[in-house]
Amino acid sequence: MTPAHPGLTLPEELLLLALDPQRGKPYCRNRFLEYGMAGAVLAELEFQGRITEQLGRIRVIDPLTPQDPLLAQVLGSLPAPDQSSFAGGVSAKRWIRRTGRHVEELCLDHLVDRAVLRRETHRFLGLLPYHRHPAAAPDLPASVRERFTAARTAGFPDRRSRTLAALVSAIGLSSAVAQGGWRARSEMRDLVRQEWTAHAVHRNVRQDKANRSGGSGGDSGGSGDGGGGGD
C-alpha cells in the first residue's frame, strides 16, 4: 500500500476528506468531525510510537517532542509516563470529547498557514461570525480522496488506511467519500471496533445522538447517519 500523502498527518487527511473543497463546509456534523480529528491525532501519535492504549486509557510511552507542531502540542498536553501506576493515563473517550474542538481549530490554522486551505468569514443573520475553509487549490483534496478510494478498492490493507476508514465511518462521513455503496460502508463500519481511536470517537457520536433523542447510547456497530454525510 502506498504511504500517506507526503507532508500530511492523519488528522489533516481526515479534514481534507471531510471538507467540501469549494464551499469549505463539512460533509458531516461539525461536532462529529471534531471528535474525529481528536481521534485521528491520537492515532497519528500511536503510529509514531508516542502513545499506546490500555483498557480505554491513553498512555504516553515516548514523551520526546514530535516535529509536527500539532502533534507536539497534543502530546505535551497528555499526562507524563508513570510506569508505577496501572490506572494512569487518561480516558480516550473523555479526552476526545474535551479536546476535539481545540484539535480541529489547531489543524485548520495549520493548513491555512500552509496555504492548503483558505479561511472565509461569514456572518449568521448578519451578526454572528463563522468560518468556512475551502481548498486553496483542488489538487491536494482530490489526491487525498483518490488515495482513499484506492485503499478501499484494495480492502484497506494497512493499519493507517484502516484507521482512516474507521474514523470516516465513526463520524458519519462514509457516504460522502466512499464509492461502492452499502457494501463499502458496511466494511468500514466493521473497522470501527477494531481501531480503538475510532471506537472512542464513535462512543462520543452515539452519546450525542442519544442525548438528542433521549434514548440510550450503546456502543454497538458503526456510526449511523451522522448528518449531512451520514451512512
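Predicted model: local features only at pLDDT ≥ 70, side-chain atom pairs only at ≥ 80, totals over all residues.

Student: Where do Asp 208 and Arg 97 sit in the chain?

Tutor: Asp 208 is in helix 9 and Arg 97 is in helix 4 (residues 92-113). The two residues are 111 residues apart, and the pair links distant parts of the chain.

Student: Is Asp 208 buried or exposed?

Tutor: Asp 208 counts as buried, because its relative accessibility is 10% and the cut-off for buried is under 20%. Arg 97 has a relative accessible area of 23%, so Arg 97 is partly exposed.

Student: Which residues are joined into a network by salt bridges that share partners?

Tutor: Glu 13, Glu 44 and Arg 160 are joined into one network that way.

Student: How many salt bridges does a search of the whole structure find?

Tutor: The search finds 12. One of the salt bridges joins the side chains of Glu 46 and Arg 159, at 3.0 Å from N to O. Glu 46 is in helix 2 (residues 30-47) and Arg 159 is in helix 6, 113 residues apart, so this pair also links distant parts of the chain.

Student: And how accessible is Arg 159?

Tutor: Arg 159 has 33% relative accessibility, so Arg 159 counts as partly exposed.

Student: What about Asp 62 and Arg 50, what do their side chains do?

Tutor: They meet in a salt bridge too, at 3.7 Å from N to O. Asp 62 is in the loop between strand 2 (57-60) and helix 3 (69-77), while Arg 50 is in the loop between helix 2 and strand 1 (51-54). The two are 12 residues apart. Asp 62 is partly exposed, because its relative accessible area is 23%. Arg 50 is buried, with a relative accessible area of 13%.

Student: Different topic. At what angle do helix 6 and helix 9 pack?

Tutor: Helix 6 (residues 159-170) and helix 9 (residues 196-213) pack at an angle of about 5 degrees, and their axes are 9 Å apart. Helix 6 is therefore roughly parallel to helix 9, since angles under 35 degrees count as roughly parallel.

Student: Which residues meet there?

Tutor: From helix 6, Arg 159, Thr 163, Ala 166, Leu 167 and Ala 170. From helix 9, they meet Trp 196, Thr 197, Ala 198, Val 201, His 202 and Val 205. Arg 159 is also the partner of Glu 46 in a salt bridge.

Student: Zoom out. How many helices and strands does the chain have?

Tutor: There are 9 helices and 5 strands. Along the sequence their pattern is α-α-β-β-α-β-α-β-β-α-α-α-α-α.

Student: How much of the chain is buried?

Tutor: Of its 231 residues, 48% are buried. The accessible surface comes to about 11000 Å², and 50% of that belongs to carbon and sulfur atoms.

Student: What share of the contacts is between residues 24 or more positions apart?

Tutor: 65%, taken over contacts in the chain with a separation of 6 or more.

Note on methods
Residues numbered from 1 in each chain as written. Heavy atoms only, no water. Helix = DSSP H or I, 4+ residues; strand = E, 2+ residues; numbered from the N terminus. Buried < 20%, exposed > 50% of the residue type's maximum accessible area, 1.4 Å probe, protein only. Contact = heavy atoms within 4.5 Å. Areas by Shrake-Rupley, 256 points an atom, 1.4 Å probe, with all protein chains shown as cover. Axes fitted to C-alpha atoms, helices over the stretch in contact; angles between N-to-C directions. Parallel < 35°, antiparallel > 145°, perpendicular 65-115°, else oblique. Salt bridge = Lys/Arg side-chain N within 4 Å of Asp/Glu carboxyl O.
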